[in-house]
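Have a look at the model first.

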Amino acid sequence: MGTLAPSAARKNANVIAASRSVGALGERRFRLLWLGQAASEAGNALMPIALAWAVIEMTGSPSDLGLVLAAALIPRVTLLLVGGVWADRLPRQLMMLVSDVVRAGSQGVFALLFLTGHAELWHLIVAALVYGTAQAFFNPALTGLLPQTVTPERIQQANALLGLTRNTLRVAGPIAGGLLVAGFGPGWLFAVDSGTFVVSAAFLALLGVRGLSRSRARGSFLAELAGGWRELTARSWVWTSVVYYSVGNFAVAPLWVLGPIVAKRDLGGVFDWAIILAGAGIGSIVGSAVALRFRPARPLLAGYLSLVPIAFLPISLVRPLPTLVIAAVALLGMGGLSLSNALWLTALQEHVPSEALSRVSAYEWMGSLVFMPLGYTLAGFLADGIGLDETLWLMAALLGFSTLGILTVPSVRRLRRVGAPELGGIAASPNSVSGKPVT
């Protein structure tokens with residue numbers, strides 16, 4: 001009794017082997033989540049081209065394009081904390097489903113207006129505001145939902161698969177978008193984007209809302225917000241990392257403003273900048289692919305060490321190196337960033353209690369994004385005031401010293417992957433109250 005017949009044993013072994021070969025995609029809930037996200041990211045990858053050409057056809061004004069981009073970013077930043085609280089209150093997949101439906105509607109309405117010749121700039125601004133608002137509710141819910149769709153040992157692989165899919169589409173998207181705009185016009189890209197959100201919503205609906213819902217005592221909105229802040233500040237590795245990301249994103253933002261200027265002034269122009277961006281895109285794909293298998297015992301230590309090369313990217317643009325060398329530096333830098341992102345998300349999902357995960361994620365998203373617009377804005381003023389090369393050196397110094405700074409934090413260096421053995425061979429023990437280590 002209790003033993004398998006040889007044929008049954010072989011069948012069971014084959015099932016196990018097949019499951020291991022596909023990893024996280026072998027789990028139904030994550031597979032549905034991944035398929036939906038792959039569809040919506042395919043639409044998102046088309047949007048930079050669609051937005052730019054829609055504004056060009058309507059007004060041709062660069063400032064109008066900046067206004068549309070700001071309309072999408074401002075609610076995304078300002079409403080993140082609201083989205084985080086509600087994602088910890090309501091079933092997260094329901095929040096994401098509603099967000100997809102809202103974005104499908106806004107993109108679809110604008111597509112219809114544009115294709116019928118009735119679109120005006122304010123229509124596009126409203127669509128961008130709606131899009132950014134829905135995104136603010138979607139992102140914290142996704143971070144909290146993912147661990148509920150996959151077994152604990154596959155959380156990092158699931159994050160890496162989502163990142164790999166997203167980065168691959170971001171490389172291919174502008175090419176496909178350019179071809180579609182040339183052949184059909186930007187209005188059809190908005191229609192395609194609307195359709196991808198419908199597909200994503202359909203897959204989310206199949207997850208089973210009731211099966212993933214959670215129940216616990218709820219306080220007021222402000223109390224819930226304060227509770228998320230306490231969970232964040234109770235872990236020094238979390239709040240110091242958020243500070244680090246704020247500084248890092250502020251420092252890296254000017255790169256995308258000044259890089260094209262360097263390419264035009266000292267390299268071969270737009271073609272050379274495209275080669276550099278292609279290197280960055282390939283690096284993002286490689287970094288996500290590495291994260292599928294690389295499971296360091298100390299994820300934050302490994303992740304932040306992998307970010308060291310990104311500090312050399314602005315340096316490579318000072319008295320610029322050959323284009324292919326800069327592209328190689330961009331590949332290493334963006335590869336390290338993708339790997340680090342997967343390790344960071346996994347650390348959050350493993351160590352922060354599930355009932356507070358979306359709120360902590362919202363604080364992290366807001367902290368990461370809040371200074372990026374300032375970095376974009378100051379880039380030109382700094383380049384005019386102190387010089388372009390001096391601004392690039394300043395960026396490199398901020399990136400380098402902030403990375404060294406975060407690595408001096410003991411809780412960052414010592415944080416271990418759940419299940420990773422300690423030096424003495426004893427597995428890391430969870431905190432008795434939250435179920436996860438608090439450092």
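This is a predicted model: local features need pLDDT of at least 70, side-chain atom pairs count only at pLDDT 80 or more; totals for chains, interfaces and linings use all residues.

Residues are numbered from 1 along each chain as its sequence is written, and side-chain values use heavy atoms, with hydrogens and water left out.

**Ring pairs**
- Rings of Phe, Tyr and Trp (its six-membered ring) pair if their centres lie within 6.5 Å; planes under 30 degrees apart count as stacked, over 60 as edge-to-face and the rest as tilted.
- That rule gives nine aromatic pairs.
- F110 and F190 have ring centres 4.8 Å apart and planes at 65°, so they pair edge-to-face.
- This pair ties together distant parts of the chain, 80 residues apart: F110 is in helix α5 (residues 92–115) and F190 in helix α8 (residues 186–205). Helices here are DSSP runs (H or I, at least four residues), numbered from the N terminus.
- Both F110 and F190 are buried, meaning under 20% relative accessible area with a 1.4 Å probe, protein chains only.

**The tyrosine pair and its cluster**
- With ring centres 5.6 Å apart and planes at 45°, Y244 and Y245 make a tilted pair.
- Y244 is buried at 9% relative accessibility, and Y245 is buried at 8%.
- Ring pairs join Y244 and Y245 with W237, Y304 and W344 in a cluster.

**Charge over rings**
- A charge sits over a ring if NZ of Lys or CZ of Arg is within 6 Å of the ring centre and within 35 degrees of the ring normal.
- R103 has its charged end over the ring of Y131, 5.7 Å from the centre.
- The charged end of R103 also sits over the ring of F138, 4.6 Å from its centre.

Definitions and conventions. Helices (H or I, at least four residues) and strands (E, at least two) are DSSP runs, numbered from the N terminus. Buried means under 20% relative accessible area, exposed over 50%, partly exposed in between (1.4 Å probe, protein chains only).
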